[in-house]
Amino acid sequence: GAVALVPLPSIGSEVDWMPGLQKWFVPDPAATSLFRFMAAWDEVGDDQRPPHGPVRATMFPPEAGSHVAAQLELCGRLLPNRHNSAGAFLAVFTKHTHRAAAAADWPRPAPQPYTPVDAGWEQWESICRFYGLVAEALPAGHVVVQERGAQKQELRSLNLLSPRTDASREEFIVRGQAD
């Protein structure tokens with residue numbers, strides 16, 4: 001494939017890590033017993049399987065001797081009790097081939113324009129009350145909003161622009177429409 005798992009580099013004696021496991025048990029989500037664990041997917045009852053149950057087949061270890069199981073020993077685990085910290089799973093990958101990302105791989109919704117608002121805006125009073133703003137102290141035309149959705153009923157962002165110059169205000173509104 002394009003990516004391969006490689007052995008962890010030597011990170012010195014100050015980091016005490018354990019090799020990856022090839023076998024583990026999944027605790028019983030019903031919590032009927034602290035000592036009930038499942039070793040394989042066939043032990044999971046229908047009521048605990050998707051779409052309504054919390055147990056997934058991917059929670060169980062891969063078949064012994066499989067390609068995936070063999071690679072698990074290349075991974076590492078930092079155990080919280082050995083480091084007085086949170087635990088972590090370590091894996092190092094190397095990339096064999098490169099493909100440049102196409103714009104279609106990262107779709108972005110079209111941005112909504114910034115709209116200047118003032119005291120005539122229907123949500124003006126509630127916004128001023130919520131943020132503790134004095135409506136009369138706000139410079140006219142320097143409060144802009146960006147709404148989302150086709151109905152434009154959901155506020156995405158509320159921005160107070162510096163009253164330095166009207167040119168900067170116009171630039172901000174135009175740039176928001178172009179991004």
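Of the 179 residues in the chain, 21% are buried. The model is predicted. The chain exposes about 13,200 Å². Carbon and sulfur atoms supply 57% of that area.

The secondary structure comprises 4 helices and 10 strands. Along the sequence, these elements follow the pattern β-β-β-β-α-β-α-β-β-β-α-β-β-α. Contacts with a separation of 6 or more were also sorted by sequence distance. Residues 24 or more positions apart account for 55% of them.

An open sheet is formed by 3 strands. Their order is β2-β5-β6, and the pairing is antiparallel. Strands β2 (17-19) and β6 (88-90) stand at the edges. Each has a single partner strand, so one side of each is left without a neighbour in the sheet. Neighbouring strands of this sheet are turned by 30 degrees against each other on average, direction ignored.

The pairing of β2 with β5 can be described by residue. Strand β5 covers residues 76-78. It is joined to β2 by 3 bridges, and the two strands run antiparallel. P19 has G76 as its bridge partner in β5. M18 is also found in strand β2. The C-alpha atoms of M18 and G76 are 5.6 Å apart in space, although 58 residues separate the two in sequence.

L5 has a relative accessible area of 14%. This value is under 20%, so L5 is classed as buried. Beyond residues up to four places away in sequence, L5 touches Q71, L74, C75, A91, V92 and F93. One of these residues, V92, is 87 residues from L5 in sequence. Their C-alpha atoms are 5.9 Å apart in space.

Charged side chains were examined next. Side chains of opposite charge can pair when their charged atoms come close. The count comes to 1 salt bridge. In this bridge, the side chains of D28 and R36 meet at 3.4 Å, N to O. D28 is buried, with a relative accessible area of 8%. R36, in contrast, is partly exposed, at 34%.

Y131 lies in helix α3, which covers residues 124-131. The relative accessible area of Y131 is 52%. This is over 50%, so Y131 is classed as exposed.

One backbone feature concerns a proline pair. The peptide bond from P50 to P51 is cis, with omega near 10 degrees. P51 lies in a loop. That loop runs between strand β4 (37-38) and helix α1 (67-72).

Definitions and conventions:
Residues are numbered from 1 along each chain as its sequence is written. This is a predicted model: local features need pLDDT of at least 70, side-chain atom pairs count only at pLDDT 80 or more; totals for chains, interfaces and linings use all residues. Side-chain values use heavy atoms; hydrogens and water are left out. Buried means under 20% relative accessible area, exposed over 50%, partly exposed in between (1.4 Å probe, protein chains only). Contact means heavy atoms within 4.5 Å. Two strands pair if DSSP finds at least two bridges between them. Axes are lines fitted to C-alpha atoms, for helices over the stretch in contact, and angles run from 0 to 180 degrees between N-to-C directions. A salt bridge is a side-chain nitrogen of Lys or Arg within 4 Å of a carboxyl oxygen of Asp or Glu. Accessible areas come from the Shrake-Rupley method with a 1.4 Å probe; for residues, only the protein chains shown count as cover.
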